[in-house]
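Please review the briefing below alongside the sequence and the model. The points are grouped by topic.

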Amino acid sequence: MELFLQQFINGVTLGSIYGLIAIGYTMVFGIIGMVNFSHGDVFMVSSFIALIFFLVLTTWLGVASVALALLIVMVISMVLTGLMSWTIERVAYRPLRGSFRLAPLISAIGMSIVLSNFIQVAQGPRNKPVPPMVTESIALWERNGFTVSVSYKQLIIIAVTAVLLACFWFLVQKTSLGRAQRACEQDRKMAALLGINVDRTISLTFVMGAALAAVAGTLFLMYYGVVNFSDGFVPGVKAFTAAVLGGIGSLPGAVLGGLLIGLIETFWSGYFSIDYKDVAAFSILAIVLIFMPQGILGRPEVEKV
Amino acid sequence: MTAVIETQDTTVAKVGPPLLKVEGVKTYYGNIIALKGVDVDVYPGEIVTLIGANGAGKSTLMMTIFGNPQAREGRVLFDGRDITRMPSHEIARLRIAQSPEGRRIFPRMTVLENLQMGASLDKLKYFNDDVERMFTLFPRLKERLTQRGGTLSGGEQQMLAIARALMARPRLLMLDEPSLGLAPLIVKQIFDAVRDLNRTEGLTVFLVEQNAFHALKLAHRGYVMVNGLVTLSGTGQELLANPEVRAAYLEGGRH
Ligand SMILES: Nc1ncnc2c1ncn2[C@@H]1O[C@H](COP(=O)(O)OP(=O)(O)O)[C@@H](O)[C@H]1O
Ligand SMILES: [Mg+2]
C-alpha cells in the first residue's frame, strides 16, 4: 500500500511533465496532421534556456528567492522557446506545406538533429547540473519503516501543471483564438472563408505547444537537477506515445495519456524491474492501440460532416 | 406536397459600378482548365444566380472569387478593388461571405460556436443582436444551439451555413447550391429567407444552383454556365422563358 501510494505520487509527477509535452504533439497534429518530430528537442532546449537563466539570476544577479527565480526562468523560457518554435515553423515547415506528405516530417527530423547537435556543441556533451533548488518534502504517512512522502518539487510540478492546463483549456474552449484554432483543425479552407488567417493560427499553435513544453522543460530541470543535450529524445518519444495513447488530436487525451505513461513507468519500476520500464510503457501502447486504434479519447476516423 | 416559390417581380436599377465584377477569368486545376474566360457582374441590391449542370465550373467560380484557387488570367473586382491575388481571409475581411458547396459546417463545434466563427471579423461585437436576427430568420437554429454541427440534418446545416455567413454582416452573400438534397419545403423556407433579406435589407446575393427553376424565380438576373463558359444571361424571367434553358434545365423538372 505504501509503495503503491508513493509510486502513484511519483507517477503523477512524471505524467504531468509528459502531458505538458504531449499537448504540443497533439495540437500540431490536430491542426496540420504532422508529427512534429523536433518537439522533444524543443523541450530539451527549453530546459537549457531555463538552466542558463537560472544560473544568471541566482549567481550573477543575486536573486535569493528560488521560487521567484524559478517563476522568472519559466516565463523567460516560455517566451524564448515559443519564439524559437515560431521561427522553426516559418523556416522549416511552412514552405513545405502543400508539398508531399512526408516532406515536413523529414524536415522535422532534420530540425531535431540540428537542435540536439547545436546544444551538444554549444553546451558540451556532459550533464549540466543546477544547484539543488527545492529540497524539502512532506511525510504523508509512515508505516513499517516505509515513509510515503511528497516533495515540494512534486507539489510544484503537479500544481503548476494543473493551473496551466486549466488556463490552457479556457484559452482553447472560450477565446476567439482557441475557436479559430479548432476551426482550422476541422476545416482550414472554411476557416479562411470566414476571415481567419490560417497561417497565423498555425504559427500560434506551434508557439503554444512550445510554451507548454518550456514549462515542462523548466519543471524537468528543477526535478532532476541536470539536463543533457540528448534529453529531448526519450521524454519526446514518451510524450508522443502519450499523445497517441490518449488519442492524437485530443487535448484531454494528451493529458490522460501523459499521466498513464507516467504511472505505468513508475509502477513498473516500483514492482518489477526498472530496466524494462520503457518496454512496459510501449507494450501497453501497443495493446491499447490493438483494441482502440484511435487511442483512448480519440475520435473515430469516419465522421458525418 | 408542393412548395411554391414566388416569382421575382422587382427589378434592380443598375446604378453605379457593379459590387462584384468577374472579368475574363480563367482558372486551372493543374493543367486542366476549369473556367475558360468568365464574365459576371453583380450590382448592389441584386440577387444574381448562376445555373449550370454538375461539373460546369460553378463552384470553381465561387472559390476563384475567394482566391482559392486563384484565377490564372482575368480579374475579380469587388467594389472596384482588384482582389484576384488576395488570400482568402483578406477577401473575407472585405465582407464577402460564402455558404460554400457542401456547407462545411464545423462538425465538432456547437451551432453557437459555428455562429461565433461567422462573427469573427467583428470580434463578436454585434453577436447578441445578430444572433437574434438569425433566430427570427431560422427558428430551428435556436432549438439546436448547443448541438454539434455534425449532428444536424441537411436542412439545418444549410440554414446554419447561411446564418454563419450572415453573421459576418456581408455586403455580398454567396450561396453555393443551398437547395442540394433538401426537401421542397425546406428549400422554400431558405429561398424565402434570402428573398426577405434582399427586400428588407437590400442584401446583394450571388446564388449558384443546379435547381434552375427555383433559382431563376428567385433571382433578378441569371447566368447560364456550360463547361467553364457563360453561354447565356438575362433576367430571371427571360431565362425561365428561354427555350434553350427550358430544354436543358427545366423540362422534366417541377413547374
Ligand atoms: N479540386 C479539384 N481538382 C481538380 N479538378 C477539379 C477540382 N474541383 C473541381 N474540379 C473540376 O473542375 C470542373 C468544374 O467543377 P465544379 O466547379 O465543382 O463544377 P460545379 O460546381 O458546376 O458542379 C469539373 O470538371 C471538376 O471535375
Ligand atoms: Mg458545385
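At 45% relative accessibility, B:E101 counts as partly exposed, a class that lies between buried (under 20% relative accessible area) and exposed (over 50%), computed with a 1.4 Å probe on protein chains only. This is a predicted model, in which local features need pLDDT of at least 70 and side-chain atom pairs count only at pLDDT 80 or more, whereas totals for chains, interfaces and linings use all residues; side-chain values use heavy atoms, without hydrogens and water. Residues are numbered from 1 along each chain as its sequence is written, with chains lettered from A and ligands numbered from 1 in the order in which they are written.

**Magnesium site**

- B:E101 (OE) and B:S59 (OG) coordinate the magnesium ion, ligand 2, at 2.0 to 2.3 Å; donors are N, O and S atoms within 2.8 Å of the metal (3.2 Å for Na, K and Ca), and sites may look incomplete because water is not among the atoms.
- B:S59 belongs to helix α1 (residues 58-65) of chain B and B:E101 to the loop between β6 (96-99) and α3 (111-118) of that chain, so the pair ties together parts 42 residues apart in sequence; helices (H or I, at least four residues) and strands (E, at least two) are DSSP runs numbered from the N terminus.
- B:S59 counts as buried, at 18% relative accessibility.

**Ligand 1**

- The residues around ligand 1, including B:Y29, B:A34, B:K58, B:S59 and B:T60, each have a heavy atom within 4 Å of the ligand.
- Three residues of this shell come from α1(B), which gives the most.

**Helix α3 of chain B**

- Seven of the eight residues of α3(B) are buried, among them B:V111, B:L115 and B:M117.
- These buried residues pack against α5 (152-174) and α6 (176-186) of chain A, and against α4 (127-137), α5 (139-143) and α6 (154-166) of chain B.

**A:S203**

- A:S203 is located in helix α8 (residues 198-224) of chain A and counts as buried, at 3% relative accessibility.
- Leaving aside residues up to four places away in sequence, A:S203 touches A:W86, A:E89 and A:R94, where contact means heavy atoms within 4.5 Å.
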